[in-house]
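User: Hello! I am new to protein structures and would like to look at one with you. Could we go through it by question and answer?

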Amino acid sequence: MQGNDVRERFLKFFEQRGHKILPSSSLIPHNDPSILWTAAGMVPFKPYFTGEAKPEVLRVATCQKCLRTPDIDSVGRTARHHTFFEMLGNFSFGDYFKKEAIPWAWEFVTRELGFAAEKLWISIYLDDDEAYEIWHNDVGIPGERIVRMDKDTNFWEIGVGPCGPCSEIYYDLGADRGCDLPDCAVGCECDRYLEIWNLVFIQFFRDEEGNYTPLKNKGIDTGMGLERVASVLQNARTNFDTDLLRDIMDFTGNLTGKAYGSGGEVDLALKVIADHVRALTFAIGDGALPSNEGRGYVLRRLLRRAVRFGRVLGAEEPFLHRVAGAVIDKMGGAYPELLENTGMISRVIKTEEERFGETLAQGSELMNRLVEDAKRVGKGFIDGDKAFRLYDTYGFPLELTVEIAGESGLSVDEAGFDEAMEEQRERARSARQETKYLSEKSALLKNILEQTGETVFTGYENLSCGARIKAIFDGNEQVDTAAEGREVEIVLDVTPCYAEAGGQLSDRAVITGQGTEIVVEEVTRPIEGLCLHRGRVSGGTVSVNDEVAVQVDMRRRMNIARNHSATHLLHKCLRQVLGEHVHQAGSMVAPERLRFDFTHYTSISQDEIEQLEQKVNEAILHNLPVETMLTTLDEARDMGAAALFDEKYGDRVRLVKMGDLSLELCGGTHVNSTAEVGICKLVSESSIGSGLRRIEAVTGAGAMDYFRAREEQLGMIARAVKAPPHEVVQRVEIMARDFREAEREAETLRARLARYEVRSMLDNTREVNGVRVLSARADAGDMDSLRAMVDLLRDKMGSGVIVLASAAGGKVNLVAGVSKDMVSRGLHAGKLLKEIAPLVGGGGGGRPDMAQAGGKDPAGLDQALEKVCSVVQTQTGN
């Protein structure tokens, strides 16, 4: 049975049992900063299990793409480790529980997949007698094949929040796959007993004191690794031998001329490349891009690791983008977003691979210097921390460092390398924070929601309303009253205030009551259904159940609406000007400006910026009607609405339509027609990462402020150059021309003075072992001028050694030059400067014939220049 067949059978099986089949969520978790990647099937449903959001349906099944990297170094070396994998799962949000989940799991693996019952083992949590009874009495599993295991393996929890026991289904691959130890059994670390399905029974809530309280609405969260199941069905010894990965490895083998099955490093390289390129393809397709931090760093590391293994196969030119094409061919049917983003994925991977080629070249230069330094001081090895720097900064594999060092008769301190690697891992572990599903305050908010219902938002239609105070928070403490001067957070039953979401900043407002006033500075939605209004009690005392009036700051709301509507126009026009590959990568909508991040792989020309600005303002002037509507997610897709569809699993979505130009899913506030935006001025465009760019713009009053400031600047420049504003450009051009002419005259005079100085210097040369040596201070403003003087002196001297120095502003510049005949005698300008530069608190080096150095201690300059003769004497062998 092929991998695609398993995926389809699983989803169909649970669809027949009342589950809604949902597409995989993005690998980039939505609105969850606690994790970099979607690493399990339940991640998109986390808010449903915590109660922070209400599911549209109570039964769901998915095949979720997942990415994990903690065991990246094990990929290809073991049968089961991957960075990218697919997780099949069925979920219940307060609907069915163990009585249904366990028999369904057994039915699927035995009837649908055809696994022999005698090959299957079951594990349960130590005291989960309920699960035991169902497995034993209802399903009919013999008691001896049900293994009770402890909390480390069979109880699922992550900090505060919902948790519960697990039950796992294992497949016995046979004694020949085991470790031959007498106590080998379910749970052994060997390959014999393969865990294929984990059923998590979410039935408790763990509080911050570690107490477990039974949940009223229990849940089911299951996860079955597609690659593992396929390996059993296809009698494959490893996941890599299944069709899910083998086809990709065979493509890479054909590409490089190295066949899978050759063994050793070739097989390892093919496995790593197949795994890593799958991860890269899916992550980039979901909008992640290589960079030096966060998830971007993970992608960069995966790509560089794949490139290095490509070198093992003899691939010297970029090839991973072609392997990505094989991944898309293999998996595009199940994941159509790959087909939609094929061009972008290929371009990003190829560009990054080309850049890494340049980085490897830099690493090679550093490696050569390390070898040279070790030899110079008589050390027989490369320090481990330096080898690790090559690995961490330049992606230089330890194996390559060992190989190059060996060619020069050196070894590498691998223990020191391992120590530096472990230190970095420890720093990473220390930086990680425990993920908490539900803080104590969130638990209080959830309780308020359950007892009093949702906060009703009326802000699309109204900017003011009457409301009742449902709860008050002073810090993390829930209180009944708050006096004047206190910073509070208020929960209302009704609000016209927009809570910050989707990049749009929140409204500000004033809440008034009987002698009470609260100035609201921020509105948030910590859990779905409740809004918190944060502000200061500026008058009177506020109490729970007070009847109040809420008034939104209308000017701020309108300015935000202008900017938000402009982002929709900007998005559409970017795709018209730059191409359909442009996708939104983030935004910020504030009252005074907007910021829009998007995918694009080259800088944007001035002509393109002007086209973009023109198109946006034409759309504004056309006075397009701005309409909103509620529809289903499927209908929105069919209509071609632009959105990140994985942001939320919900049947009802809000569409914002601007004439026939723009159609986007959006919950934000907007103008009634594009003409209300007024004008849009693009104020900056820049790169914010590989393949990622940012535009900032202003509209309406913000644009007027921008033009006014520019007009004031133009007036100041006009006064400074003594010309009317309309003649400023011409006047500045004349001044720039005059300045360039003056600079050329000054350079001519400086060169003439340098020649006079050179003649004077040549009178002060000394002879050391038959070598003419000149070491002196020079009146040179920068390193370039100093090098020019050395070249001039070397031409005049003909044969010899020259070291010139200059000092200014607490900094020292040194330049050394050696004539060709003296280089053949063993003199080396770079090594000479390495000897004297420490005397001025610096360092440097270079070629045998020319080198430069810098320093920070001018006080040692005379001593450094005096040492030149002794260094020349040493280099000439006396």
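Analyst: Gladly! Two strands pair if DSSP finds at least two bridges between them, and strands (E, at least two residues) and helices (H or I, at least four) are DSSP runs, numbered from the N terminus. This is a predicted model, in which local features need pLDDT of at least 70, side-chain atom pairs count only at pLDDT 80 or more, and totals for chains, interfaces and linings use all residues. Residues are numbered from 1 along each chain as its sequence is written, and side-chain values use heavy atoms, with hydrogens and water left out.

User: How many bridges join E25 and strand E26?

Analyst: Strand E26 covers residues 652-658 and pairs with E25 in the antiparallel sense. In this pairing, leucine 630 stands opposite arginine 654 of E26. The number of bridges between E25 and E26 is 7.

User: Which strands stand at the edges of this open sheet?

Analyst: The sheet has 3 strands in the order E25-E26-E27, paired antiparallel. An edge strand has a single partner strand, so one of its sides is left without a neighbour in the sheet. The edge strands are E25 (626-632) and E27 (662-665).

User: Which strand runs parallel to E4?

Analyst: E4 pairs in the antiparallel sense with strand E7 (residues 161-172) over 5 bridges, where leucine 120 has tyrosine 171 as its bridge partner. Elsewhere, isoleucine 124 stands opposite arginine 148 in E5. The strand that runs parallel to E4, joined to E4 by 4 bridges, is E5 (residues 146-149).

User: Which residue follows H20, and is lysine 722 buried or exposed?

Analyst: Within H20, the buried residues include Gly700, Tyr706 and Val721. The residue that follows H20 is lysine 722, which lies in the loop between H20 and helix H21 (728-762). With a relative accessible area of 74%, lysine 722 is exposed.

User: What is the relative accessible area of glutamate 227?

Analyst: Glutamate 227 is found in helix H6 (residues 226-233). Contact means heavy atoms within 4.5 Å, and, not counting residues up to four places away in sequence, glutamate 227 touches several residues, among them His82, Phe84, Asn239 and Arg278. Glutamate 227 is buried, and its relative accessible area is 2%.

User: What is the mean pLDDT of the chain?

Analyst: pLDDT is the predictor's confidence in each residue, from 0 to 100. It stays under 50 over residues 431-438 and also over residues 645-649. In the chain, 96% of the residues reach 70 or more, and the mean pLDDT is 89.

Definitions and conventions. Buried < 20%, exposed > 50% of the residue type's maximum accessible area, 1.4 Å probe, protein only.
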